[in-house]
Amino acid sequence: NPQPTYVWYKKVRNDPPVLVTSDDHYIITNGKFTITQPTEWKDEGSYQCQAQNELGTILSDPVDIYFGYLFEFSNDPPGSVTAFQYKGTVMNCKAPSYNPAIDIKWYKEDGGPNFLRTDLHPHLFVSMNGHFYISESASQDGGFYHCVVALMPPVGQIMSTSQPPSRTSLGIELIIKGDLFGTNLTDPNEITVKSIVKVNSQVNSQVNSQVKSQIKGQVKS
């Protein structure tokens, strides 16, 4: 008390602040400032509210209004990624141009768009730049993956819509190679079932050759 009066000022770049007057586009009611059908060319800038009564004048912190955008993903097929069982792999989200910030998620085509829960699967990780990592690939990881980006405000700011625009990439196929016996392991001391079978096959072949030679020699005698 006593009741103050309110005015709003707008500042664009290095220009001096100008008084905002109420009209069909700008509506000021008891200090509340509303912009109807905002457009970038007319409304982008920094706004401050001034409250004044007979006891003095106070100026609010500036409120910056700017307009974000989010382009589309490329229509070029992203190709496939090949990974080996028990090995790590990464898929890149080549996000389209945006402003000011985006949130990135991934989902796998698995009977529907099921978003990947990295909090429930410790071998999955999405980095700040949107790359999707699998620390240890398994056969069930194979399939098509999509990167989904949604426009979001920077920390400490709000967005004027509850449904920000989002974009979804084309499917990136993850191909898993290798078998259950770990034939792709790099440990030179690792003995695999296939190598044992191969050695046994060679030994049997040599034994059979020796037996045949002995029988042939006995027949000649």
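Cys93 and Cys147 are both buried. Before going on, note that this is a predicted model.

These two cysteines form a disulfide, with Cys93 and Cys147 at 1.8 Å from S to S. The structure holds one disulfide. What does this pair tie together? Cys93 sits in the loop between β10 (89–91) and β11 (98–99), and Cys147 in strand β16 (residues 143–152), so the bond links parts that are 54 residues apart in sequence. The disulfide is left-handed, because the torsion about the S-S bond of Cys93 and Cys147 is about -70°. Another cysteine, Cys49, has a relative accessible area of 12% and is therefore buried.

Next, the salt bridges; there are two in the structure. In one, Arg167 pairs with Glu72, and their closest N and O atoms are 3.2 Å apart. Arg167 belongs to strand β17 (residues 166–168), while Glu72 is in the loop between β8 (69–70) and β9 (80–84), so this pair connects parts 95 residues apart in sequence. Glu72 has 57% relative accessibility, so Glu72 counts as exposed.

Asp119 and Arg117 also form a salt bridge, the closest N and O atoms being 2.7 Å apart. Asp119 is exposed at 54% relative accessibility, whereas Arg117, with a relative accessible area of 43%, is partly exposed.

Last, the surface. Which residues make the nonpolar patch of about 260 Å²? They are Val90, Phe125 and Tyr133. Tyr133 is located in strand β15 (residues 132–134) and is partly exposed, with a relative accessible area of 33%.

Note on methods. Residues are numbered from 1 along each chain as its sequence is written. This is a predicted model: local features need pLDDT of at least 70, side-chain atom pairs count only at pLDDT 80 or more; totals for chains, interfaces and linings use all residues. Side-chain values use heavy atoms; hydrogens and water are left out. Patches are made of residues with over 30% relative accessible area and no salt bridge: like charges are joined within 9 Å, nonpolar side chains (Val, Leu, Ile, Met, Phe, Trp, Tyr) within 5 Å. Accessible areas come from the Shrake-Rupley method with a 1.4 Å probe; for residues, only the protein chains shown count as cover. A salt bridge is a side-chain nitrogen of Lys or Arg within 4 Å of a carboxyl oxygen of Asp or Glu. Helices (H or I, at least four residues) and strands (E, at least two) are DSSP runs, numbered from the N terminus. Buried means under 20% relative accessible area, exposed over 50%, partly exposed in between (1.4 Å probe, protein chains only). A disulfide is a pair of cysteine sulfur atoms within 2.5 Å.
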